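Here's a quick briefing to read alongside the sequence and the 3D view.

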Amino acid sequence: MKLPAFMEMYQQLIAAPSISALEDSLNMSNQNVIHLLAQWCETLGFTVEVTELEHAKGKYNLIARRGNGDGGLMLAGHTDTVPFDDSRWQFDPFKLSEQDNKLYGLGSIDMKGFFAFVLNAISELDELQQNAPIMILATADEETTMAGAQEIAKHPSLKPARCIIGEPTDMVPVFTHKGHMTTAIRIVGRSGHSSDPERGLNAIEIMHQV
Ligand SMILES: [Zn+2]
């Protein structure tokens, strides 16, 4: 198989819906995007590893690698998009549309488009001149639970020397992007009767102090 042209890859990625949402009715598998990437990476001589997430069935991570040895360059991105509000779109979200030298489509910038750029750039490299491994990482569920990244973090042998993450930063390279961390505090109260409130414990009051 020959690698499709840049715009054709871009179009196919946008045409493959992969919405992540916390509401089950909107949540989708990212399998079709992973499938496209796996095929194209193999065409470029990469060894591809696709893994279904343990904690999110129907969602997949992909790691593709070309070249042996330690270090190397990783090109990383997420395969999912946020849901969309149809009434606010002037274009079909699943069709890459060009207007005024700009491309529109759900995930065109954040960030399925990144993979089209990466694959196109790699196709222009001479594999024989490559002296360190190149890895492509494509994760699931970045827009919601980070389930894909959490499972990748446990990978035993993924230690690139450099990593480029294709998140949009207004065309300005950013060294270390913002991350995000969440935690949860659970307060359990004790039910009581209004005749003797001292014997109960109001979780809301304690949460207020927290
Ligand atoms: Zn993103």
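Val-210 sits in the segment after α5 (203–209); helices (H or I, at least four residues) and strands (E, at least two) are DSSP runs, numbered from the N terminus. This is a predicted model, where local features need pLDDT of at least 70, side-chain atom pairs count only at pLDDT 80 or more, and totals for chains, interfaces and linings use all residues. Residues are numbered from 1 along each chain as its sequence is written, and side-chain values use heavy atoms, with hydrogens and water left out.

**Surface patch**

- Val-210 counts as exposed because its relative accessibility is 53%; buried means under 20% relative accessible area, exposed over 50%, and partly exposed in between (1.4 Å probe, protein chains only).
- Together with Ile-185 and Met-207, Val-210 makes a nonpolar surface patch of about 270 Å².
- Patch members have over 30% relative accessible area and no salt bridge, with like charges joined within 9 Å and nonpolar side chains (Val, Leu, Ile, Met, Phe, Trp, Tyr) within 5 Å.
- The areas come from the Shrake-Rupley method with a 1.4 Å probe, and for residues only the protein chains shown count as cover.

**Zinc site**

- Which protein atoms hold the zinc ion? They are His-78 (NE2), Asp-110 (OD), Glu-167 (OE) and Glu-167 (OE), lying 1.9 to 2.5 Å from the zinc ion.
- Donors are N, O and S atoms within 2.8 Å of the metal (3.2 Å for Na, K and Ca); water is not among the atoms, so sites may look incomplete.
- The site is irregular, with angles of 57 to 138° among its 4 donor atoms.
- For the cut-offs, four donors count as tetrahedral if all angles lie between 85 and 135 degrees; four count as square planar and six as octahedral if opposite donors are over 155 degrees apart and all others between 65 and 115; anything else is irregular.
- Along the sequence, the donor residues of the zinc ion follow the spacing H-x31-D-x56-E.
- Asp-110 is in the loop between β5 (102–104) and α3 (112–123), and Glu-167 is in the loop between β7 (162–165) and α5, so this pair ties together parts 57 residues apart in sequence.

- Asp-110 and Met-111 are joined by a cis peptide bond, with omega about -15°.
- Asn-101, which isn't a glycine, has a positive phi near 65°; this residue is in the loop between β4 (97–99) and β5.
- Asp-170 also isn't a glycine, and its phi is positive, near 55°; this residue lies in the loop between β7 and α5.

**Nonpolar core**

- The largest nonpolar core has 30 residues, and among those touching the most other members are Trp-40, Phe-46 and Ile-136.
- Such a core is a set of buried Ala, Val, Leu, Ile, Met, Phe, Trp, Tyr and Cys residues joined through side-chain atoms within 4.5 Å.
- α2 gives the most to this core, with 7 residues.

**Salt bridges**

- The structure holds 2 salt bridges, each a side-chain nitrogen of Lys or Arg within 4 Å of a carboxyl oxygen of Asp or Glu.
- One joins the side chains of Lys-59 and Asp-141 (2.8 Å, N to O).
- Lys-59 is buried, with a relative accessible area of 4%, and Asp-141 is buried at 5%.
- Glu-127 and Arg-66 also meet in a salt bridge (3.9 Å, N to O).
- Glu-127 is in the loop between α3 and β6 and Arg-66 is in strand β2, so the pair ties together parts 61 residues apart in sequence.
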